[in-house]
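Reader: Could you walk me through this one? I'd like to go through it bit by bit.

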Amino acid sequence: MFKFSTLVMMLFLALPSYAAEGDSEEPYVGYIELKPFVTNYDGGDQLRFVKAEVSIQVDASDSHHYINAHEPLIRNNLLFLFAEQKEADVKGVAAQQALAGKALEVVQQAMIAETGKPRAADLFFTSFVIQ
């Protein structure tokens with residue numbers, strides 16, 4: 001003998017879910033926050049430091065796995081990119097935006113080499129401090 005609540009639950013689970021005609025799924029957007037980067041760079045006559053917090057945007061759910069699996073390679077390549085910058089490459093909003101574009105290319109190149117696809121849709125500096 002079934003209880004009423006069990007019967008209702010069985011009916012609920014048995015009903016297929018239907019999307020309304022013409023409805024499309026929302027495009028996938030996810031973010032992966034990397035641990036902060038701290039490195040020195042060429043400040044001309046003195047040694048300077050940069051601290052950057054980076055978030056990578058992905059547009060496919062499986063990209064989280066690939067980015068996380070290859071995070072050591074990504075961190076290595078980004079660290080070297082940040083360390084080779086000159087003062088003019090990090091000073092000012094336009095220079096930092098250009099650096100973010102270069103950083104995205106670095107991540108995408110690493111992912112293409114490892115997985116055959118760029119995997120990263122965009123890259124953002126959530127914090128960028130030079131000293």
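Predicted model: local features only at pLDDT ≥ 70, side-chain atom pairs only at ≥ 80, totals over all residues.

**Charged pairs, a loop and a patch**

Reader: What's the relative accessible area of K51?

Author: It's 35%, and K51 counts as partly exposed. The cut-offs are under 20% relative accessible area for buried, over 50% for exposed and partly exposed in between, with a 1.4 Å probe and protein chains only.

Reader: OK, back to K51. Which residue does K51 form a salt bridge with?

Author: E53, with 3.9 Å between the closest N and O atoms. A salt bridge here is a side-chain nitrogen of Lys or Arg within 4 Å of a carboxyl oxygen of Asp or Glu. E53 is partly exposed as well, at 27% relative accessible area.

Reader: How many salt bridges turn up in the whole structure?

Author: Five. One of them joins the side chains of K86 and D42, at 3.3 Å from N to O. That pair links distant parts of the chain, 44 residues apart: K86 is in the loop between α3 (71–83) and α4 (87–90), and D42 is in strand β2 (residues 37–42). Helices (H or I, at least four residues) and strands (E, at least two) are DSSP runs numbered from the N terminus.

Reader: And which residues are linked in a network of salt bridges?

Author: R48, E87 and K91.

Reader: Where is R119, and is it buried or exposed?

Author: R119 is in the loop between α5 (93–115) and β4 (122–130). It is buried, because its relative accessible area is 11%.

Reader: Which side chain does R119 meet in a salt bridge?

Author: D62, at 3.4 Å from N to O. R119 lies in that loop and D62 in helix α2, so the pair ties together parts that are 57 residues apart in sequence. D62 is partly exposed, at 37%.

Reader: New topic: which residues form the nonpolar patch on the surface?

Author: V29, Y31 and F124, with about 280 Å² of accessible area together. Patches take residues with over 30% relative accessible area and no salt bridge, joining like charges within 9 Å and nonpolar side chains (Val, Leu, Ile, Met, Phe, Trp, Tyr) within 5 Å. The areas come from the Shrake-Rupley method with a 1.4 Å probe; for residues, only the protein chains shown count as cover. Y31 sits in strand β1 (residues 30–33) and is partly exposed, at 46%.

Reader: Last one: what's the order of elements from the N terminus on?

Author: They run α-β-β-β-α-α-α-α-β, which comes to five helices and four strands. Of the 131 residues in the chain, 31% are buried.

Conventions
Residues numbered from 1 in each chain as written. Heavy atoms only, no water.
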